[in-house]
Each structure stands twice: as C-alpha cells, then as structure tokens.
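Let's take a quick tour of a protein model and see who sits next to whom. Have a look at the structure first, then read on.

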Amino acid sequence: MSAPTLLQHAQIDWDDQGRPHSRQYDDVYFSKNEGTEETRHVFLDQTGLAERFANLAPHTSLVIGETGFGTGMNFFCAWQLFAERAPNEAWLHFVSVEKFPLAPDDLARAVRLWPELSAFSEPLLAQYVAVHPGFQQFTFDQGRVTLTLLVGDVLEQLPQLDARIDVWFLDGFAPAKNPDMWTPELFAQLARLSRPGTALGTFTTTGWVRRGLIDAGFRMKKVPGIGKKWEVMSGEYIGQPHPAATAPWYARPGIPAGPRQALVIGAGLAGSATAASLAARGWQVSVLERHDAPAREASGNPQGVLYLKLSAHGTALSQMILSGFGYTRRQLERLQQGRDWEACGVLQLAFDSKEAERQNKLAEAFDPSLLQVLTHSEAETIAGVALPAGGLFYPEGGWVHPPALCQAQLQHPNIRLLPHQQVLALRKVDGLWQAWDGERLLASAPVVVLATAAEVRHFEACAQLPLKRIRGQITRLPATPASRALRTVVCAEGYVAPPRGDEHTLGASFDFHSEDLEPTVAEHQGNLALLNEISTDLAQRLGGHALDAGHLQGRAAFRCTSPDYLPIVGPLADSTAFAEAYAVLGKDARQVPEVPCPWLDGLYVNSGHGSRGLITAPLSGELIAAWVNDEPLPLPRAVAEACHPNRFALRRLIRGK
C-alpha cells in the first residue's frame, strides 16, 4: 500500500458575481450565464438520463460515474431528475472523483447560487464532514441515493474502484488546463468500468480526447452545445465488456435468487448497520437477537470513542479506518448531540518518546483537519484539565452512545427486530436459509448475515475463522462539578470521556483469558490506574483517593478481533470445497485456477471489529449491502479483499496447512 496523500482543498477565488474560479487550474467551475442549463444539456440530456431513470425496474439502481465533483452541481441536477422520474423502488448511486474537494465554507457559498437545488444541496452540506482522502460514502433520502466520493487523483482512485458504471459525466477542467487527467490511462479506466451501452457526456470536443475515447471503445459524436459552447460530445461504450480483474475467490457471488428478504443474526453495531444498509435497498430484514434488546454486549457501553489508530504507510487497515470514520461521523449528524454523541474531539497523549515520534510521522502524512500535534500547554487548554504531556488531537472525533446508534439504525420500516431469538443452527432448504433454535424454526430467507462477533464460529460456515475474544471492562465514574471541566476525550493506555449526563466512562481493560462477564474490583482498580496515567488532576477532580474501586459501577463485554486486526466482512464459501478447489496454491501461490468459488449462496459475515466497531462496523454494513446487491463497493477493491473472509483459507492453503 502506498503512503497516504495529504488532503488539499480547492483554492478558490470568487468573481464579482460570487462565482467560484479554481486557482489550481486557472479555470471556472461553470459558465457565468448558463450554469445548471449547461449541466442538464451536456450530462443529463445527451446521456438520455430522464428515460433511463423512468425505465428503471423495481429494486435496481442506476450508477453514474463522474470525473470532477467540483461544486456538486452535476450531482444535484442528476438527483433532482432522479427524484422526478425514477420509480420509488429504484436507487441512484453516484460515484465521483475529486482531487481538490471544496472546503465546507466554500461549498456552502457555491451552492447558494442555485436556490432551486437547495432540496438536494442542503442534505450534502449537512453531512459534509470528515471528508478525507480515499473513498468517502454518503447516503441520502433514507438510502435511495448514495454518493461515493473518491478523494484524490483520478488515476490513483479509479483503478481501485470495483463497480459497473451506466452513465459517465466526463467533467473536470478543460484538457488544456488539466492535461494530467485527460489521458489514455483515464480512458482505459472508463472502459474497464463500463458495460456495453454505457453512455458518456462531456463538454470537451478536443480532438485527442475524442480519438482517445474511440480507441478505448467508445463511439463518440459531436452535438450542438449551449450558449457560448458551440459543440459538446456524447458517446456510448461499444467495446467488449471487461471481466473483473480479480481472483475467483474474491469474485462477486451475484444477487441471490428468491424474495428480497434477509435475516441478520445479532443486533449490535455490525448487525444493526447491516440491517439498515439492506433495508435502505428495499430488503425486508428480520434481525434475530438472543437478548431482550439491541446492543446488549460489546455495543452496549455508555460511551464509545471515535478513535483513529492510523498508519503513515497507507495500509489497508488505515484506509478502512479513514473511510469508516468519515461514514460513521456523517451518520452521527442524525443523532442528538449531547445525549447520543458529542463532537468534542479526541486527544491521544504522547506518553513517551516512541509515541511522540509516531505522532509526528502521522502529522506529516495527514491533513490538520484530521489530526494535529499539540504542545503540552495547547493540549491542556483544549482538555480543560492538567495533563502529563501534549499529544495528537483529532478535532472531528468524540464519543458516541453506541446503543443510540444501534436503535437509530433499526428504525427503518423494512426492519423487524425479533428479541429473545437464539439461533443455534442454519440449514439451506429449497434455496432458503433456515434459522433454528434447536427443534424450533425461527425464520427463513435467501440471505443471512452473521453479526454475532466471535459467536459466529458456532456456525459451521465460520468455524475456521480465527476470531479471538478479549474481555474489556469499563468503569462508570459519577461526574463532579470539578470533573466537568474535561472538554475532550483523552487517551493514553486507556481513555476517559467528558460526562454523558452525570457520568464519565473510563476504560477499558484488556483480558485475554477471562470468560466471566461479572465486573471485578481488580479491573476497576486497573482502570483507576489508567486514569492516573492520563491525568492526576482529573483523578483528583473525580474524588481522588476517595474513589473506592469496591463501590464503583461498570460493565464488561467481549471485543472480537482477527489476527490482522481487520474486520471480517463479506460472502462465505464452503471451506472443504474451497480447499479442494484451490489446492494447487499449496504448490504454487502464483497460480490463479479458473475454478468458480464454492460460495454458500446468500450467506455473509460481518465480524472482527475489535475496539474499532464504531468506525468500521457501519461502513461494513454498506460493504455487505454492496456485495448482496452487486453495487459499487464503498471501499477500494484491495481493502475489500483485505477484509474478505476467504483471506484466511487462502493463507492456510499457501502455507500448506
């Protein structure tokens, strides 16, 4: 994996009519007079978008790909047309690449130029937070509209995209101003992602662009323009379909046959998010939960932290965290701040020289809007209490009440929560998965998603997944007038959060051996020791030596983690048949046998989120829904493959085990 790219916002000058002009490209974002009329003529009319929307079959989506998101005008106009023409049970997925995204204030200023589009621009402004390099997914209109913004250079981002595009908006600044984009490499990517009949619209009629698109497999024609633009171009992909350049063990299983019904087993963060993502796409989802309510296990802590443990080397885990953080952070905008979450920031103390060195490397690799190194005095000013050191501050972070997030995700009318349902076995009968509690049939559906943390191993399909349970105990500390000075989450070996209501959350312990979920005095004592490492001042404000571990309240739960710390998300295969099908890998790991993967059709898993569930589980729900519905993946393909359950079976074969 390459090192992360520093986020650069668009550098904008505004003309005397309030219109934006790019300093990077010395070019306008849209013409002075036509604006939205140009967009409708070039991109909507020339690609027949109104008719395409009207002809969408129930439970299908249309995927638009765009080079150059800019001010979002093309997206807003396409969404408006979709809202007018598409049937209710259809979806719009808009995938757009942008190297220099507008800063929030600039975007807000730009969209004010089109008050007639405010019904579509305002929802984006409301979610336009935590937009960082890589894949950033947004959902609108109860999930009917998805925007996947690929932040970065188009020739770095598009090769990572796993999607099939129906319509291309080939925008971006003029070829003379932006020659690095309009290249044969770009045209090859457009062709790779297209299917026969994929339409294309573009402002430019530059000869070498037209010839390059024709060479890539597009039939192109010049058509009359609008306003001062005499001609524009439209086209259609007539080349050969490109097979997915991926090994069969990562190839998509295809949309399951049968009714659009799904079972999700487990109502924690992973299960609730998966149910929400499927329900938004028209699936009738039954969530089977063995407890009396959602979020009764690891997702039930009073405060969880949006904590980003990143790498300066752009690893798959780091990319997953950056995309997942953005997605979760946007979801939280829908909850009640102060009660269900707080955007108070997260401070990671530089508790020794090695940690300080790690933090300095991260500060060089990432934008200050994501993280910034604070001196000792700066950290104390932001935290509101005395601290032993400075550290790394994540201004967009904070704490979340995980049960509130789970409850919000389960509110969709397509979701039915079934508590007190302990699924002990799954059986496939006549194309449907049946969930059994001993001799009692609980429910059946063509699609099942297992989201019960390490308990997924009780099901035969997951028995070989190397999941590990780690017991963690948090301590609940009554807030005092003095402790309310704490204004941000502070982390060292443990963490402490500003109060939610009248309590702070402190934790959490790590115990690899205990199977007991009863809170212990010893671990409360351990948590109090963590508190003293974070801030002796705060410890004193909370009662100091008067804090009696024997009388403190808390709760314990099991985290569930994988050996590579990545979650385990995706379709499941028959492990015995898999080992037989790809046995040759034991002799030569470079072989890619053309043998279809023996999928357990309709069976998926979403597990292994460790202590990062708030950041990785919601986006993993979107990843599952993309697998099930054959949609664009919300993550780079290499990251989705790194999270795939088949990775462990492959490693066993290659190592000859």
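Start with Arg-329, which touches Val-129, Ala-130, Leu-306, Trp-341, Ala-343 and Glu-396, leaving out residues up to four places away in sequence. Keep in mind that this is a predicted model.

- You'll find Arg-329 in helix α10, which covers residues 316–332.
- Arg-329 has a relative accessible area of 8%, so it counts as buried, the cut-off being under 20%.
- Its side chain makes a polar contact with the side chain of Glu-333, at 2.6 Å.
- A polar atom of the Arg-329 side chain also lies 2.8 Å from the backbone oxygen of Glu-396.

**The nonpolar cores**
- The largest nonpolar core has 70 residues, and Leu-278, Val-285, Leu-310 and Val-489 touch the most other members.
- Helix α17 (residues 613–629) gives this core its largest share, 10 residues.
- A second, separate core holds 51 residues, including Met-73, Leu-102, Tyr-128 and Val-131.

**Rings and charges**
- There are 17 aromatic pairs in the structure.
- In one of them, the rings of Phe-43 and Phe-203 have centres 5.4 Å apart and planes at 90°, so they meet edge-to-face.
- That pair links distant parts of the chain, as Phe-43 and Phe-203 are 160 residues apart.
- Phe-138 and Phe-140 are stacked, because their planes are at 15°, with ring centres 6.2 Å apart.
- Both Phe-138 and Phe-140 are buried.
- Over the ring of Phe-138 sits the charged end of Arg-330, 4.1 Å from the ring's centre.
- Arg-469 lies over the face of Phe-558, 3.8 Å from the ring centre.

Definitions and conventions. Residues are numbered from 1 along each chain as its sequence is written. This is a predicted model: local features need pLDDT of at least 70, side-chain atom pairs count only at pLDDT 80 or more; totals for chains, interfaces and linings use all residues. Side-chain values use heavy atoms; hydrogens and water are left out. A nonpolar core is a set of buried Ala, Val, Leu, Ile, Met, Phe, Trp, Tyr and Cys residues joined through side-chain atoms within 4.5 Å. Buried means under 20% relative accessible area, exposed over 50%, partly exposed in between (1.4 Å probe, protein chains only). Helices (H or I, at least four residues) and strands (E, at least two) are DSSP runs, numbered from the N terminus. A polar contact is a pair of N or O atoms within 3.5 Å; within protein, one must be able to donate a hydrogen and the other to accept it, and residues adjacent in sequence count only if both atoms are side-chain atoms. Contact means heavy atoms within 4.5 Å. Rings of Phe, Tyr and Trp (its six-membered ring) pair if their centres lie within 6.5 Å; planes under 30 degrees apart count as stacked, over 60 as edge-to-face and the rest as tilted. A charge sits over a ring if NZ of Lys or CZ of Arg is within 6 Å of the ring centre and within 35 degrees of the ring normal.
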